[in-house]
Amino acid sequence: MSEVATTRFPIRDVILFEPRVHRDLRGHFVERWRKDAYTAAGLTADFVQDNLSRSSRGTLRGVHFQREPHAQGKLVSVVTGTILDVAVDMRRDSPTFGQHVSAILDDENMHQLWVPRGFGHAFLVLSEVADVSYKVDAYHAPEAEGGVRWDDPDLDIDWGVAGGLAGGVAPLVSQRDATLPRLSEALFEFTY
């Protein structure tokens, strides 16, 4: 069985997976998902859908989630490029409600972030382009979509964009993401 290293965060259930990358003169090889190894490391999700998004530098997507009964757990990784990936605890009964963790995911370190059900997810693209892949354990359900503002001061996420990105450019967000409510305004949505 292949092994995968893990890093645990102070927020319960979020896991950074660090799969072994085999490198040589030809390039590299990595097992991005191997059920027995990931189960042994603490991830028991039954994945039902794979998603891939491509975004340009400065794109910020999130903070998104799906409400019950369609909540999703996500195993996020980067195929090309570099992102700052963020998981926000949206479980109202959790002692870490509203807190977040973040990790740099890229095509060199091959790390993966497990974002469990009951968490919001967001990322900022730090490279020219990033292809972000994520396996989910529940199908996409548009009627269950929700989110909170990426720049909500109550979340206090350090995106490293104070004063804008390089050259003073603000992050590129969708109209939907720009108009999401703050966490305090969206409390009614959380039933985890």
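The largest nonpolar core has 20 residues, and the members touching the most others are Val14, Ile83, Ala87, Leu105, Leu113 and Val132. A core here is a set of buried Ala, Val, Leu, Ile, Met, Phe, Trp, Tyr and Cys residues joined through side-chain atoms within 4.5 Å, with buried meaning under 20% relative accessible area for a 1.4 Å probe and protein chains only. Two or more residues each come from strands S7 (74-80), S8 (82-89), S9 (100-106), S10 (112-115), S11 (119-125) and S12 (129-136); strands are DSSP runs of E, at least two residues, numbered from the N terminus.

The model is predicted, so local features need pLDDT of at least 70 and side-chain atom pairs pLDDT 80 or more, while totals for chains, interfaces and linings use all residues. Residues are numbered from 1 along each chain as its sequence is written, and side-chain values use heavy atoms, leaving out hydrogens and water.

Leaving aside residues up to four places away in sequence, Ile83 touches Val78, Ala103, Ile104, Leu105, Phe123, Leu124, Val125, Leu126, Ala130 and Val132 (contact being heavy atoms within 4.5 Å).

The largest cavity, about 30 Å³ in volume, is lined by His64, Phe65, Gln66, Gln72, Lys74, Val115 and Phe119. Strand S6 (residues 60-66) gives the most to that lining, with three residues.

How values were computed:
Buried means under 20% relative accessible area, exposed over 50%, partly exposed in between (1.4 Å probe, protein chains only). Helices (H or I, at least four residues) and strands (E, at least two) are DSSP runs, numbered from the N terminus. On a 1 Å grid over the protein atoms alone, a cavity is a set of points where a 1.4 Å probe fits but cannot get out, and a pocket is an open set with protein on both sides within 12 Å along at least five of seven lines; lining residues have an atom within 4 Å of a point. Grid points are joined across faces, edges and corners, and a volume is the space filled by probe spheres set on the points.
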